Amino acid sequence: MRFNAATLNAATLNAATKHLDAPLAVVDLDAFDHNASDLVRRAAGRPIRVASKSIRCRFLLERVLRRDGFTGVMSYALPEALWLTGEWAGTDLADTDLLVAYPTTDHAALRAMAEDDHARSHVSIMVDSVAHLDLVDAALGVGHPDIRVCLELDVSWRPLLGRDLAHVGTRRSPVFTAAQAGALAAAVADRPGFRLVGLMGYEGQIAGLGDHPAGKPITGAVLRWMQDRSAHELAARRTAAVAGVRAVADLEFVNGGGTGSIETTGLDESVTEVAAGSGLIGPTLFDNYRRFAPAPAVLFALPVARKPRPAIATLFSGGFIASGPVGKDRLPSPYLPAGLKLLGVEGAGEVQTPVTGRAARDLRIGDRVWLRHTKAGELAERFTEYQVIEGDRVTHAVPTYRGEGRSFG
């Protein structure tokens, strides 16, 4: 389902934001809502848990959680989950279920959760070893109230008969086999002060790798071959793991996938919900998939501060480098006006970012260039607010996490 990007052109964006100084960031609600609808279509009836690290803006989180098809938050830090539950107390989102996707070592946050009945009943933390249970016990002491926990299964692909000699995917949990999952589930079930409520697995080798990279047909073919075989292997292994865990615990949810793997994850009947976040924002990392094409919903503008040569315009700021393997694909990408590119020898800089190309000659001091970030949520760490565009005008500004004075790592 393609988006009619009628509002996303340079003239409209410049006119809508002419009363604002750049650098600035905008969120186009038409594009955001389109992306939300497309995720629901792709999920084909599976509930979507929103990955907050890809949003990092409470206004946008709340907007999507109030749509049909979305339920719950996949938080990335326990302090974040506690903050959200506190902000939503007494609202229609008070009963939102929050899963902290990464194990916590934050003793203060664990103590705060243990002392808060509402948070303790709505927040689940991640574990992948008995050591995580030991850490919680050390933070809370003997006889602490039940803490909801989710077990993480490593759902990467090990093509050499499951041996860790070749590992394709993210390095997360040490729990790889169904037997290991069942053993850890039994350890949790036998441990006072813990209640196992969920199982989670993130297949990053499918969800986070575009299978149709521009100009690289051979690479694309190899990626599709890998992803097909990984998905086939995972379907059987995850089903067995879920069965082993359910033998000792009454699971409330089994979470899987990410924006890039919704279709393949949804084929696994052992999965009860899928995770997605980046697909709402549409960063450049998700430009290279065959199955879907999210609209660019969040953009940022930088002003032209210099013209060192007629064919080069130097923008102020812009060194917003995305996390992950160091490479050109982690740089921000000039988007509007069309026909601009970064300089290979300089890239995007701390205080200046030169661009060149056919459109650079027409740029003047004070003009602005619109860019896209590589990863969805990280741009919110650079701006305190997003200007909200509805139709062809800015209607208001909303704070990012940073704008609310919150930083969770």
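The exercises below, each with a worked solution, concern helix packing, backbone geometry and cysteines in a predicted model. Local features require pLDDT of at least 70 and side-chain atom pairs count only at pLDDT 80 or more, while totals for chains, interfaces and linings use all residues. Residues are numbered from 1 along each chain as its sequence is written, and side-chain values use heavy atoms, without hydrogens and water.

**Exercise 1.** Determine how helices α5 and α7 pack, and classify the residues of their contact.

*Solution.* Step 1: locate the elements, where helices (H or I, at least four residues) and strands (E, at least two) are DSSP runs numbered from the N terminus. Helix α5 covers residues 107–114 and helix α7 covers residues 130–140.

Step 1: take the geometry from axes, which are lines fitted to C-alpha atoms over the stretch in contact, with angles from 0 to 180 degrees between N-to-C directions. The axes of α5 and α7 lie 9 Å apart at an angle of about 70°.

Step 2: apply the angle classes (under 35 degrees roughly parallel, over 145 roughly antiparallel, 65 to 115 roughly perpendicular, the rest oblique). Helices α5 and α7 are therefore roughly perpendicular to each other.

Step 3: list the contact (heavy atoms within 4.5 Å). From α5, H107, L110, R111 and A114 meet L135, V136, A138, A139 and L140 of α7. The residues of this contact comprise seven nonpolar, one polar and one charged, with Ala, Val, Leu, Ile, Met, Phe, Trp, Tyr, Cys and Pro taken as nonpolar, Asp, Glu, Lys and Arg as charged, and the others, Gly among them, as polar.

**Exercise 2.** Describe the positive phi values of A44 and R56, and state whether each residue is buried or exposed.

*Solution.* Step 1: A44, a residue other than glycine, has phi near 50°. A44 occupies the loop between α2 (29–43) and β2 (48–51).

Step 1: R56, likewise not a glycine, has phi of about 55°. R56 lies in the loop between β2 and α3 (58–65).

Step 2: compare accessibility with the cut-offs (buried under 20% relative accessible area, exposed over 50%, partly exposed in between; 1.4 Å probe, protein chains only). A44 is exposed at 65%, whereas R56 is buried at 9%.

**Exercise 3.** State how many disulfides a search of the whole structure finds.

*Solution.* Under the criterion of a pair of cysteine sulfur atoms within 2.5 Å, the search finds zero disulfides. C57 is buried at 0% relative accessible area, and C150 is buried at 0%.
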